[in-house]
Amino acid sequence: MADDRTGQDVARAGSRAVERGSDVEQRQISNEARLIRGVFRAAGLAAGTVVRGGQWAVGTTVDVTKEITQAALDGESSAEIAERTGNALRSIARSALGVTEGSVREVVSYVPTSNGPGSQQALGVGSHLRSASTEELRRRGDALLARSADVYFTEDVHPAYDRILDQLAPDEARMLRFMALNGPQPSVDVRTNRPLGIGSELVQGDLTSVPEQAGVRYPDRARSYLINLNRLGLTLTSDDPVVLSRYMVLEVQPMVEAALKKAGRAPKIVRKSLRLTEFGEDFCHTCFTIGS
């Protein structure tokens with residue numbers, strides 16, 4: 001029987017259980033990983049994937065802090081900053097704590113975030129975010145309820161506005177401002193024409209000239225812009241039409257004419273409108289300088 005301190009195979013009398021050296025190493029890695037996690041948590045190290053105000057408090061060495069902050073100021077993406085953080089953690093763990101590479105890989109997959117004390121949301125290997133646990137979601141929900149009951153808690157604007165701005169293209173901002181200034185805009189569906197409408201098929205839907213009228217730089221992305229604005233809850237397509245004369249200009253646009261040609265003989269046009277939602281109107285007046 002070999003000594004189990006050598007990391008070699010160990011066989012005990014009267015037992016078929018055999019513990020291999022790799023199992024011993026894995027147990028050692030897990031113990032070291034728990035130690036490192038405790039050190040990082042006690043140090044309050046934060047690895048958020050969104051940078052606010054050009055600053056990111058890391059709570060570790062000055063050199064690492066400067067490096068991460070400079071990455072934020074240089075406009076690096078969230079994924080790039082997260083990868084840079086992971087590399088920094090590997091370096092810290094190896095040099096300061098003297099642990100194995102296996103422990104470093106294990107612990108980097110668990111980096112406490114800045115969402116609050118005891119947060120369990122983590123950065124996964126390869127800079128992908130893991131889903132928050134049920135416990136974490138419940139804790140965050142209860143925190144919201146507590147703030148709603150706090151008479152001293154004030155919130156100037158909806159917290160979603162900050163995140164929405166990060167998800168808008170410059171062209172989409174132009175489209176929103178245009179609609180905030182000019183109100184609902186004409187939109188049409190082009191359908192095939194069938195007797196009594198039975199069997200009529202949609203050829204092209206939600207056609208509008210808002211991107212062109214707003215002066216977007218990338219007209220070929222207009223469809224994606226409209227989808228994103230709708231996804232964010234800023235715009236909607238309504239069955240209520242605008243003034244009939246406004247459709248005359250839209251219906252001679254190349255995109256509408258192409259859809260009419262594709263629809264075949266005597267195509268049907270359904271007139272609708274593209275509008276800002278109430279949420280979208282408040283967002284525009286809060287986040288943009290409207291008018292003069």
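1. Tyr161, Phe279, Phe283 and Phe288 are joined into a cluster by ring pairs, where rings of Phe, Tyr and Trp (its six-membered ring) pair if their centres lie within 6.5 Å. The model is a predicted one, in which local features need pLDDT of at least 70 and side-chain atom pairs count only at pLDDT 80 or more, while totals for chains, interfaces and linings use all residues. Residues are numbered from 1 along each chain as its sequence is written, and side-chain values use heavy atoms, with hydrogens and water left out.

2. The whole structure contains 3 aromatic pairs. In one of them, tyrosine 161 and phenylalanine 283 have ring centres 5.3 Å apart and planes at 80°, so the pair is edge-to-face; planes over 60 degrees apart carry that name, those under 30 count as stacked and the rest as tilted. This pair links distant parts of the chain, with tyrosine 161 in helix H6 (residues 160-166) and phenylalanine 283 in helix H12 (residues 278-287), 122 residues apart. Helices (H or I, at least four residues) and strands (E, at least two) are DSSP runs, numbered from the N terminus. Tyrosine 161 is buried at 5% relative accessibility, and phenylalanine 283 is buried at 0%. Buried means under 20% relative accessible area, exposed over 50%, and partly exposed in between (1.4 Å probe, protein chains only).

3. Two arginines sit over tyrosine rings. The charged end of arginine 221 is 4.0 Å from the ring centre of tyrosine 218, and that of arginine 271 is 5.7 Å from the ring centre of tyrosine 247. The criterion is NZ of Lys or CZ of Arg within 6 Å of the ring centre and within 35 degrees of the ring normal.

4. A search of the whole structure gives 5 salt bridges, each a side-chain nitrogen of Lys or Arg within 4 Å of a carboxyl oxygen of Asp or Glu. Glu135, Glu136 and Arg139 form a network of such bridges. The N to O distance is 3.6 Å between arginine 139 and glutamate 135, and the closest N and O atoms of glutamate 136 and arginine 139 are 2.8 Å apart. Arginine 139 and glutamate 135 lie 4 residues apart in helix H5 (residues 134-148), about one turn of the helix. Glutamate 136 is buried at 2%, arginine 139 is partly exposed at 31%, and glutamate 135 is exposed at 54%.

5. Aspartate 206 and lysine 272 also meet in a salt bridge (2.7 Å, N to O). Their pairing links strand E4 to strand E6, across 66 residues. Aspartate 206 is partly exposed at 30%, whereas lysine 272 is buried at 8%.

6. In helix H11 (residues 254-263), the buried residues are Val256, Ala259, Leu260 and Ala263. Seen down the helix axis, they fall within an arc of 100°, so they line one face of H11; the arc is that of the directions from the axis to the C-beta atoms. Pro254, Lys261 and Lys262 are exposed on the other side. The buried residues pack against E3, E4, helix H10 (247-250) and strand E6 (268-276). Glycine 264, with a positive phi near 90°, follows H11.

7. Threonine 192, in the loop between strand E3 (185-191) and strand E4 (202-207), is buried at 8%. Beyond its neighbours within four places in sequence, its contacts (heavy atoms within 4.5 Å) include Ala263 and Lys268.
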